[in-house]
Amino acid sequence: MVLNKRQQFVEIVFLYLALGAGAVVMAIPLIYMVSTALKGQVYVFEIPPRFIPREPTLANFIEAWQSNNFSLYFRNSAVVAVTATLVSVLCSAMLAYAFARFQFPGKAPIFYMLLFTLMIPGLMLIIPQFLLAKTLGLRNSLSGLVFVYVAMTIPLNTFLLRGFFEQLPRELEEAVLIDGGGYGTIFFRIILPLSQPALATVSIFTFLFAWDEFTWALTAIDVEAKRTLPVAIATFHGAHLTQWGLVFAASLIAMIPIVLLYASLQRYFISGLTTGALKG
Amino acid sequence: MNRALRQQQIRVAYLFMLPGLIFFLTFQIYPLIKAFQISLYRWEIMPGQASQFLGLANYLRAFQDPIFWLAMRNTALYTLVTVPGQMVLAMVVALALNRLVWGRVFFRTVYYLPVITSWVVVSLLFKFLFNSQAGLINFVLKDLLHLTPNYIPWLQNPGTALIAIMTLGIWKGIGWSMVIFLAALQGIPVELHEAAAIDGASRWQRFWYVTLPIMRPTLVFVLVMLTIGGFNVFIPVYLITGGEPMHRTETILTYMYNEAFNFLDFGYGAALSYLLAAIIFVLSFLQIRFLRRPVEF
Amino acid sequence: MNARKAFLLLIVLVVLALVVIACGPAATPTPQVIKETVVVTQVVEKPGEKVVETKIVEVEKVVTPTPQPEGPVTIAFWHAYNPVETEMLTKKVIPAFEEKYPNIKVEAQAVPYNEFRKKLLTAIAGGTAPDLIRSDIIWVPELADMGALVALDELMPDFDEYKDQVFPGPLSTNYWKGHYYGLPLDTNTRILMWNKEMYEAAGITEPPTTIDEFLAVCEKIKSLGEDKYCFADGGTYGWAVLPWIWSFGGSLTDPDMTTASGYVNSPATVAAYEFLKELLDKGYLHPGILGGGVDTSGGYAQDQIANLLEGPWMPAIFEAQYPDKEIQWALMPAGDGGSISVVGGEDIVMFQQSQHKEAAAEFIRFMLSPEVQLMMADVGQVPVRMDVTDEAVQKQPYFALFFEQLKTAKARLPHPNWPKIEDLLTSTGQAILRGEKGAQEALDELAPKIDSLLATD
């Protein structure tokens with residue numbers, strides 16, 4: 001294989017060039033979005049387009065944040081996403097614990113029901129959910145968003161957590177029972193602390209889902225004061241059709257938490273994706 | 001196990017399930033049943049008006065509705081183009097990244113960024129890029145590469161609008177499949193490849209006869225998930241074309257949403273939802289049933 | 001607290017939260033059916049004579065009870081005012097109202113026009129309709145027909161005072177099956193907005209008065225360059241195509257809205273569509289009419305588009321966005337049918353779901369007062385009160401041309417199925433302009449479809 005040394009070098013260079021070209025194509029739309037957000041309205045439709053703005057300005061960000069209520073929408077999104085994540089992960093963990101450790105009548109049907117809902121389109125239920133929210137007085141309220149997001153994320157979270165819990169050793173739990181502790185102690189003192197990586201993963205994906213969810217929020221909320229970021233951005237675009245700089249500034253503000261989350265917890269993103277897939 | 005202990009265990013299990021099940025039953029299972037009921041009615045929402053039982057008329061109406069078939073065709077086309085598009089490109093990138101010594105995390109992050117960006121944002125972004133007057137895509141095609149003599153009105157024509165939407169679908173999805181493929185590739189024992197290489201297998205043969213069969217469950221999982229996602233396409237269509245022009249870019253879910261919330265025809269909307277769910281269910285079942293395990297000879 | 005207690009507490013909290021929410025106050029009070037005695041005067045025709053009979057009958061009415069306001073109430077008002085108008089509304093009009101009525105707070109919400117109808121219908125279906133909206137005049141029949149609106153002539157004892165003060169044309173858009181469901185807020189129409197700099201560059205001195213002259217203008221404008229357009233419009237919906245159809249002498253239906261056959265496919269209507277197709281094919285008409293949006297104001301301001309059909313709100317927008325560009329106005333070019341444009345405008349209507357009908361009625365009165373009508377005229381809203389027109393024209397001289405055009409302008413079909421009819425009309429227009437079908441063929445296919453929508457009532 002001596003002959004291959006030179007070949008290998010050429011190949012590696014080629015690989016980096018190809019991957020680099022691909023990366024440029026992948027990144028250009030996002031880079032262009034950033035540069036447009038930094039442009040004044042007169043430069044947005046300039047030909048030829050510039051990636052480095054002629055007179056970069058933060059005016060769009062300031063205008064979106066201050067005079068267009070984006071601070072309020074940001075807070076709404078944060079409240080909804082954080083609450084939905086906490087409630088969903090806790091409920092899912094409790095469900096998963098029951099499935100992983102107990103035998104009870106109805107276990108299989110309930111579990112298959114959870115799996116089944118993973119397959120149906122989330123949007124399919126929007127009409128009855130809309131009527132239900134109306135009956136329960138949940139329209140135009142952030143809790144209406146939270147409840148539906150929790151319900152929609154429980155199946156996948158439960159499925160992933162059950163897989164994790166089943167692999168945990170049982171000896172510690174038996175020790176707790178012998179010492180006179182209850183199942184609550186086991187769950188909170190042993191299962192949850194041992195499952196931090198799995199909990200982090202499902203929390204991230206639940207948060208991401210709730211932060212980005214658009215259609216239910218669009219349908220459930222009609223007052224301005226309760227809008228979340230995705231709906232606010234789309235509505236904002238509807239009202240300022242050609243003011244792309246402002247629209248993208250608002251979009252970038254909405255992306256900040258996600259990017260921070262990704263930057264700090266990258267490995268959980270990756271492990272979350274792969275646990276589901278590799279187990280098949 | 002004695003009876004009392006068993007009873008206690010059952011009680012504890014139900015107690016643990018209670019909060020989650022309340023959410024799940026109220027906001028998932030009940031709506032699932034309710035949707036079917038609604039689909040059998042001409043559903044009235046104004047107080048004082050009675051809903052009228054129609055039997056299966058809403059479903060029959062769909063089969064005779066040209067816009068339904070158009071939406072069906074577009075949804076299927078979107079899935080047929082974007083699912084293989086994402087998988088092939090993701091596989092190419094994953095194979096390349098798997099050979100890298102350094103820079104893997106950097107490239108993985110760049111390819112993964114579109115995945116974590118919200119659908120609303122990227123849909124508006126692509127609407128901007130494909131703008132007919134001064135969009136970046138038109139600039140590159142006409143002024144930079146001179147591939148087209150004129151600016152193309154991408155979003156004004158149904159065919160080109162679908163191309164823009166499908167490009168978005170592929171661009172946004174590559175990173176997701178790529179990360180899964182990369183993890184699966186890293187799980188393949190090096191010895192297998194070495195053994196095959198000693199047997200004189202070419203690189204292509206090793207990919208075809210060693211890598212792909214080992215990755216089969218992963219590939220099927222990704223295929224099933226992406227197919228479900230493809231049939232559920234909604235936000236990009238809703239925000240980029242809204243189904244226009246002339247309903248030619250309508251997909252099942254945009255048509256359903258429009259019928260339900262623009263014309264308040266909840267019965268028909270619910271029927272469209274059920275038809276879509278049935279299609280997805282059958283497709284997923286067939287994919288898992290026939291692709292999961294290798295064909296036995 | 002030990003883990004087990006914490007856990008039990010949590011379950012209790014979740015269940016409680018659900019129970020509380022489920023039993024919380026319902027969003028709307030239940031409508032009640034009440035029996036009411038009314039005096040009915042009717043003209044009975046008997047063979048040979050007409051007799052006016054008065055009798056007392058008992059009728060059933062669906063009424064949503066309105067609680068008497070105690071202390072301050074808040075009413076929600078949705079509108080699609082543009083940003084300039086919105087600023088006038090929220091910075092001047094509403095503060096003035098709240099000063100006059102300290103017990104009523106107005107929560108104004110801007111909803112983009114394109115999403116307005118969908119958002120509104122969703123809210124009505126969800127039981128959370130606003131108290132009032134500024135409704136496009138074409139939505140009123142549909143909303144009234146579905147039973148969502150309050151008949152203002154029943155609710156407001158002083159309705160006639162307002163009715164007699166406003167122009168009859170805009171007022172008529174509030175009428176549906178025996179009742180008035182709203183009052184007009186503003187009126188408008190589209191007239192020719194021509195670009196002096198481009199005309200001069202092409203050697204033209206006067207704006208066109210006829211459609212033939214319009215074509216001649218377009219020919220010269222095109223010679224300025226490939227990227228210069230004579231005309232642009234946002235699509236093939238009624239608002240865009242009807243001025244051409246009517247000015248060519250065509251129409252959509254007979255005057256009584258019973259049939260479209262023979263009208264929407266008449267030679268004059270066909271000629272109007274063929275004219276638009278010719279404009280597009282020759283490059284006079286910006287391809288943005290095929291959908292996807294075109295920045296018509298920007299194109300005009302940057303001397304790329306020579307003519308638009310626009311409304312009275314444009315000067316205020318230009319003042320804010322393109323202060324250096326001057327706007328010129330002229331009447332809609334005349335064809336065989338004359339110079340006929342389309343009536344636009346907005347009505348203010350109240351919803352049955354409103355909890356504060358009295359307070360909402362006060363706001364309607366306020367919006368129709370001469371002071372507010374004149375305030376809104378400052379930002380380009382043509383008033384509907386007859387007693388302020390002179391003063392409005394003094395403030396905004398260009399209003400005169402709009403009043404002139406309004407004398408002959410026609411309304412889109414005041415029919416509850418108009419949204420569906422317009423959906424068909426838009427698609428047909430697209431098919432014609434894209435050359436997929438001949439105008440005659442496409443309109444022949446359209447006619448029976450509109451006929452059936454006119455019949456189902």
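In chain A, the C-alpha centres of domain 1 and domain 2 lie 33 Å apart, and I would like to start from that pair, keeping in mind throughout that what we are looking at is a predicted model. The domain assignment for this chain places domain 1 at residues 4–57 and domain 2 at residues 60–279, and where the two meet, nine residues of domain 1 of chain A and eleven residues of domain 2 of chain A take part in the contact.

Let me turn to what that interface is made of. Between them, domain 1 of chain A and domain 2 of chain A bury about 810 Å², and carbon and sulfur atoms account for 71% of that area. On the side of domain 1 of chain A that touches domain 2 of chain A, the residues divide into six nonpolar, two polar and one charged. As for specific pairings across this interface, the count of salt bridges is zero, while two residue pairs are in polar contact, both at pLDDT 80 or more.

Now to chain C, where the assignment is written in segments: domain 1 of chain C comprises 73–188 together with 345–406, and domain 2 of chain C comprises 191–341 together with 417–455. Taken over C-alpha atoms, the centres of these two domains are separated by 28 Å, and the contact draws 16 residues from domain 1 of chain C and 20 residues from domain 2 of chain C.

How much area do domain 1 of chain C and domain 2 of chain C bury between them? The value is about 1400 Å², with 72% of it on carbon and sulfur atoms. Here, too, I can report zero salt bridges between domain 1 of chain C and domain 2 of chain C, and three residue pairs in polar contact across that interface, with both residues at pLDDT 80 or more.

Which helices of chain C each supply at least two residues of the side of domain 1 that touches domain 2? They are α2, spanning 83–100, and α17, spanning 399–406, and it is α17 of chain C that gives the most to this side, with five residues.

Conventions. Residues are numbered from 1 along each chain as its sequence is written. Chains are lettered from A and ligands numbered from 1 in the order in which they are written. This is a predicted model: local features need pLDDT of at least 70, side-chain atom pairs count only at pLDDT 80 or more; totals for chains, interfaces and linings use all residues. Side-chain values use heavy atoms; hydrogens and water are left out. Domain bounds come from an automatic or database domain assignment. Contact means heavy atoms within 4.5 Å. Buried area is the accessible area (1.4 Å probe) that two parts lose on being put together, summed over both. A salt bridge is a side-chain nitrogen of Lys or Arg within 4 Å of a carboxyl oxygen of Asp or Glu. A polar contact is a pair of N or O atoms within 3.5 Å; within protein, one must be able to donate a hydrogen and the other to accept it, and residues adjacent in sequence count only if both atoms are side-chain atoms. Ala, Val, Leu, Ile, Met, Phe, Trp, Tyr, Cys and Pro count as nonpolar, Asp, Glu, Lys and Arg as charged, and the others, Gly among them, as polar. Helices (H or I, at least four residues) and strands (E, at least two) are DSSP runs, numbered from the N terminus.
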